[in-house]
Amino acid sequence: MIGNWVYDPISKEYGRLVAIEYSEKGRPIVDIGAEDESYTVSFSSCDCIDPIPLTPEILEKCGFVYRRNFNDYAIPFKSMRFAIAKSIFDETGTWYLCDYKANHSVEFQYVHQLQNLFWIITGTDLPLTFN
């Protein structure tokens, strides 16, 4: 999705998807831009970019707070009804977004997946920067 954070392994920088176009042969052309808009890099394949694994540090940059009693991360707003947890029994790097009101959870591993889930639930962008 446009605006999602990805990792550019060539420049070794984080960037946002700014455009996805298709060549005359139908191959995707992916443009990644720096957060400060100082550069844009184009790739001829989605295989040239990597997802960013979610970490506790990234969750904290997004405004999530670790809750020791629950062993999860939550955004401290009264209206938020979900939290993000990592199972102590799961060593795959999978996180779970738990919607307590609907008694449902969704598995995910990467920042762009959290961005999309956050947008769906709140209708706003996930507040995240890598600077």
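Is Asn4 buried or exposed? Asn4 comes out at 4% relative accessibility, so it counts as buried (buried is under 20% relative accessible area, exposed over 50%, partly exposed in between, with a 1.4 Å probe and protein chains only). Keep in mind that this is a predicted model: local features need pLDDT of at least 70, side-chain atom pairs count only at pLDDT 80 or more, and totals for chains, interfaces and linings use all residues. Residues are numbered from 1 along each chain as its sequence is written, and side-chain values use heavy atoms, leaving out hydrogens and water.

**Around Asn4**
- You'll find Asn4 in the segment before β1 (strands are DSSP runs of E, at least two residues, and helices are runs of H or I, at least four, numbered from the N terminus).
- Its side chain makes a polar contact with the side chain of Asn116 at 3.3 Å (a pair of N or O atoms within 3.5 Å, where one must be able to donate a hydrogen and the other to accept it; residues adjacent in sequence count only if both atoms are side-chain atoms).

**Helix α2**
- The buried residues here are Val111, Leu114, Gln115, Leu117 and Phe118.
- Just after α2, Gly123 has a positive phi of about 75°.

**Strand β8**
- 5 of the 5 residues of β8 are buried, so the strand is largely enclosed by the rest of the structure.
- Trp95, Leu97 and Asp99 sit on one side, with Tyr96 and Cys98 on the other.
- β8 pairs with β9 in the antiparallel sense over 5 bridges (two strands pair if DSSP finds at least two bridges between them).
- Tyr96 stands opposite Glu107 in β9.
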